[in-house]
Amino acid sequence: MPTIVVEVMPKPEVLDPQGKAIDARLPELGFREFTSVRQGKRFELTVEGEVTPDVLDRAKALAAELLANPSTEYVANVEVAK
Amino acid sequence: MSEPNIGVVMFDAATDAASVIRAVQLAGGTPVPLHPKTTVAPDLADVSVVILPGGFSYGDYLRAGALAATQPIMRVLKEAVQSKELTVIGVGNGFQVLTEAELLPGGFIANQTPGFHHSEVELVIADNSSAMTNAYDLGEQIRLIQKGAYMQYVATETELQKLENQGNIIIRAKKSADDSVHDIVGISSTDGFVLGLMASPEYAIEEGFGTDHPDGPGMGVDGQGFFVSIVRAAGAIDNEGVVVGE
């Protein structure tokens, strides 16, 4: 069955304490290539049948209405999983 | 004045609901438990103030308060608030529910040091005319418990300026414990009908079982004023949402 992936990230101007906590550990672990980490969320929506444009629109509506809070987050991506 | 009815929304598994009910009773109010799935306005007929208790209802998995905010009763409360028939007050997780329901501006993100924190914090009453602070003195310092993993309040610069300019920041941290912007711990909507407090006054209402105090551990009962304020307000709210008299 096809899956729609929704990715939600903290807004750029909002602090991301989880990402910062991960970031702070990187130098000690030897990962000096990365200058910052931001942590988001990935949701997988299983669809029965074909993913029509209408179904994808419904996924976008769900993402905007519930999965992301516009005060602190934004919907980074909505796509059919490959 | 008979004991005013105070609605308490019984969100599934909200850990603080029973303590809020007890606090309302001790403050002289009559708690009226409300089912989160109710869509029946008559349930609210004899209630002028409703409390959303804290306590991680539905978990913090999506976002703290996000799923509680989708419960049917929130639509009923929103309509009653918009028609200025009801005051709604969110405590702890209840405050998060109110921001998720867009009844209050801003939102909550993870604590500055991520993880669940439980501590006692010093707060300052910045406005003592609201439905949750009228029993306190202006500038009074109170000590309450704060507990949770997502207690850091954030809002846009425009929203923060509006809160400041309109005097809607009602309770501030003396020293910002969770690094919330502008030391915000308690706010109200522009019209004063929706209020939120990111602390747990229901755990500072009985001597021996309250917060730390010079008289001894557990002797701090600074949360009493919060519930006395609500009970007073419920008996004396006029239709502009202003608390009249004492």
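Visitor: How many helices and strands does chain A have?
Guide: Chain A has two helices and three strands, and along the sequence they come in the order β-α-β-α-β. Its radius of gyration is 16 Å, well over the 12 Å that the globule rule gives for 82 residues, so chain A is more spread out than a compact globule. The box filled by its C-alpha atoms, taken along the principal axes, is roughly 45 × 30 × 15 Å, and buried residues make up 18% of the chain's 82 residues.

Visitor: What about helix α1 of chain A, how far does it reach?
Guide: Helix α1 of chain A, residues 17-29, has 13 residues and reaches 19 Å from its first C-alpha to its last, which is close to the 18 Å expected at 1.5 Å a residue. Just after α1(A) comes Gly30(A), which takes a positive phi of about 90°.

Visitor: Okay, switching to chain B. What's its secondary structure?
Guide: Chain B comes to five helices and eleven strands. Its radius of gyration of 16 Å agrees with the value near 18 Å that a compact globule of 246 residues would have. The C-alpha atoms of chain B fill a box of roughly 45 × 40 × 35 Å along the principal axes, and 56% of its 246 residues are buried.

Visitor: Which residues touch the most other members of the largest nonpolar core?
Guide: Those are Val88(B) and Ile230(B), in a core of 78 residues. The largest share of this core, six residues, comes from α5(B). Apart from it lies another core, of eight residues, with Ile4(A), Ala59(A), Leu67(A) and Ala68(A) among them.

Visitor: Going back to Ile230(B), what is it in contact with, leaving aside its neighbours within four places in sequence?
Guide: Ile230(B) is then in contact with Ile6(B), Val49(B), Ile51(B), Ile89(B), Ala131(B) and Met132(B).

Visitor: And α5(B) itself, is it mostly covered or mostly uncovered?
Guide: The helix is mostly covered, with ten of its 13 residues buried, including Phe226(B), Phe227(B), Ile230(B) and Val231(B). The buried residues of α5(B) pack against β1 (5-9), α1 (17-26), β3 (49-52) and β4 (87-91) of chain B.

Visitor: Last topic: what confidence values come with it?
Guide: For the complex, the predictor gives an ipTM of 0.82 and a pTM of 0.90. Chain B has a mean pLDDT of 90, and 93% of its residues reach 70 or more.

Visitor: Where in chain B does pLDDT stay under 50?
Guide: That happens over residues 238-242 of chain B, for which the model has eight contacts beyond four places in sequence. Where pLDDT is low, the predicted coordinates should not be read in detail.

How values were computed. Residues are numbered from 1 along each chain as its sequence is written. Chains are lettered from A and ligands numbered from 1 in the order in which they are written. This is a predicted model: local features need pLDDT of at least 70, side-chain atom pairs count only at pLDDT 80 or more; totals for chains, interfaces and linings use all residues. A residue is buried if 20 or more other C-beta atoms lie within 10 Å of its own, exposed if 12 or fewer, and partly exposed in between; C-beta atoms are placed from the backbone. Helices (H or I, at least four residues) and strands (E, at least two) are DSSP runs, numbered from the N terminus. Two residues are in contact if their C-beta atoms, placed from the backbone, lie within 7 Å. The radius of gyration is taken over C-alpha atoms; the globule rule is 2.2 Å times the number of residues to the power 0.38. pLDDT is the predictor's confidence in each residue, from 0 to 100. The expected span of a helix is 1.5 Å times one less than its number of residues. A nonpolar core is a set of buried Ala, Val, Leu, Ile, Met, Phe, Trp, Tyr and Cys residues joined through C-beta atoms within 7 Å.
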